[in-house]
Amino acid sequence: MTPPSSAAERAHRPPEWLQRLAVAVSDGVVWVADGAIAWANDRLVGLAGCGTDVVGTTLEDLLVDLEGTLPEAGAAAVRCRIRRPGGAPRVVLCRCAWSGGEGGSSAFVIQDVTHRHRLEQELLEAGRELADLHRELESQRDLLRVERAEREELLSVVSHELRTPVTVIGGYHRLLLSEEVGALTSEQRKFLEESGKSCQRLGAFIENLIEASRATRGHEVLEVGRAPIAPVIHEVAAMFRPLLEERDLRLSFELAPAASEGRFDRVRIEQVLSNLIGNAVKFTPRGGTIEIATRAVATPKDPWVRRWVEVSVSDDGPGIAAADRERVFEPYVQLGEGGGSGLGLGLAICRRLVQAHGGAIRLEERVGGGCRFSFTLPAEAPQRAASDRTLAEDEGA
């Protein structure tokens with residue numbers, strides 16, 4: 001029969017296998033008997049920072065914020081802090097790994113989760129900040145929506161209210177220049193021609209306003225048809241003749257015979273050309289040259305063979321930095337010298353109209369300096385690639 005003293009000693013010491021296992025694991029392990037810590041592995045001693053003094057104390061003395069009670073076997077781990085004399089407490093998880101031994105002994109695992117706890121707190125704080133930013137962003141979005149709606153309404157009203165008087169002024173202006181109501185002196189004709197240029201600029205400005213208000217409401221209707229493109233280019237260019245002469249600018253054409261026709265809405269493409277040529281006139285220095293060219297292009301990677309016409313307007317002005325060549329197509333963006341007039345809507349409207357045709361518009365540096373704006377228009381309706389047509393015919397046969 002085992003002496004009573006030997007039985008008591010065994011109750012206060014963990015089994016040998018448990019001691020060996022506790023030494024191998026990375027978490028702290030304590031053996032509690034009769035309510036006191038009877039044994040602890042080196043990891044737990046290191047966490048507590050109190051050497052072998054941990055033996056003989058209780059878990060309630062060692063741990064802080066135990067939520068009122070020690071966890072039972074099979075229960076969830078309890079998050080608390082472990083006291084560390086002379087050091088900051090560390091956050092740990094305490095769980096009962098085994099209980100029911102002689103003398104009410106139990107084994108507890110103490111896992112250091114300080115780093116995880118710190119990360120969780122940082123994540124929680126970041127979540128709060130993100131929620132605050134989200135609320136602020138939503139507030140700014142609401143404000144932006146209101147401002148945008150007000151601006152669109154203003155654009156629509158102002159543009160339509162200005163269009164009628166400008167049309168009337170232009171009509172009387174042409175009547176005076178025709179001399180149907182009386183002869184003009186050379187000085188009077190000069191004054192009328194100068195005022196006509198300003199009236200034309202104002203008319204183009206109003207058209208841009210109307211296009212901008214139409215775009216925000218999704219009112220985009222194209223009347224696409226096959227037509228020669230050279231007459232459109234020449235007619236739009238002719239509208240700028242007074243400005244070209246005033247600035248001593250030369251206009252050159254290089255229109256490829258292979259790109260003579262396209263499928264487009266004539267009125268819309270006139271707007272695109274008018275904006276591009278107007279920009280070129282604005283930024284080309286006195287005595288400079290503006291080049292308008294066309295060429296045929298194709299998209300060989302497209303499963304639908306479709307020929308395209310590329311139209312380009314080049315100037316020898318100061319050019320635009322590569323980093324800003326995409327931004328110029330955004331609404332209300334104005335870059336470069338002399339870009340302070342207008343609202344910065346012209347190129348944004350150009351992009352929208354070209355994309356509505358299925359094409360693309362881009363800006364690149366002109367060889368020798370300056371800007372080269374180019375846009376594409378479909379030259380024909382889409383057709384299945386020749387290889388696909390042949391395959392379909394063979395299958396049909």
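Which residue takes a positive phi in the hairpin of β13 and β14?

## Meet the hairpin

It's G368: its phi is near 95°, in a hairpin with five residues between the strands. Strands here are DSSP runs of E, at least two residues long, and helices are runs of H or I of at least four, numbered from the N terminus. This is a predicted model, where local features need pLDDT of at least 70, side-chain atom pairs count only at pLDDT 80 or more, and totals for chains, interfaces and linings use all residues. Residues are numbered from 1 along each chain as its sequence is written, and side-chain values use heavy atoms, leaving out hydrogens and water.

## Around β14

β13 and β14 run antiparallel, joined by five bridges, with E365 opposite C371. β12 also pairs with β14 in the antiparallel sense, over seven bridges (pairing takes at least two DSSP bridges). There, S312 stands opposite S374.

Eight of the eight residues in β14 are buried, meaning under 20% relative accessible area with a 1.4 Å probe, protein chains only. C371, F373, F375 and L377 point one way, while R372, S374, T376 and P378 point the other.

## The core

F375 is also among the residues with the most contacts inside the largest nonpolar core, which has 39 residues. Such a core is a set of buried Ala, Val, Leu, Ile, Met, Phe, Trp, Tyr and Cys residues joined through side-chain atoms within 4.5 Å. α9 gives the most to this core: seven residues.

V272 touches C350, L353, V354 and F375, not counting residues up to four places away in sequence (a contact is heavy atoms within 4.5 Å). C350, L353 and V354 are among the buried residues of α10, a helix with nine of eleven residues buried.

Notes: Buried means under 20% relative accessible area, exposed over 50%, partly exposed in between (1.4 Å probe, protein chains only).
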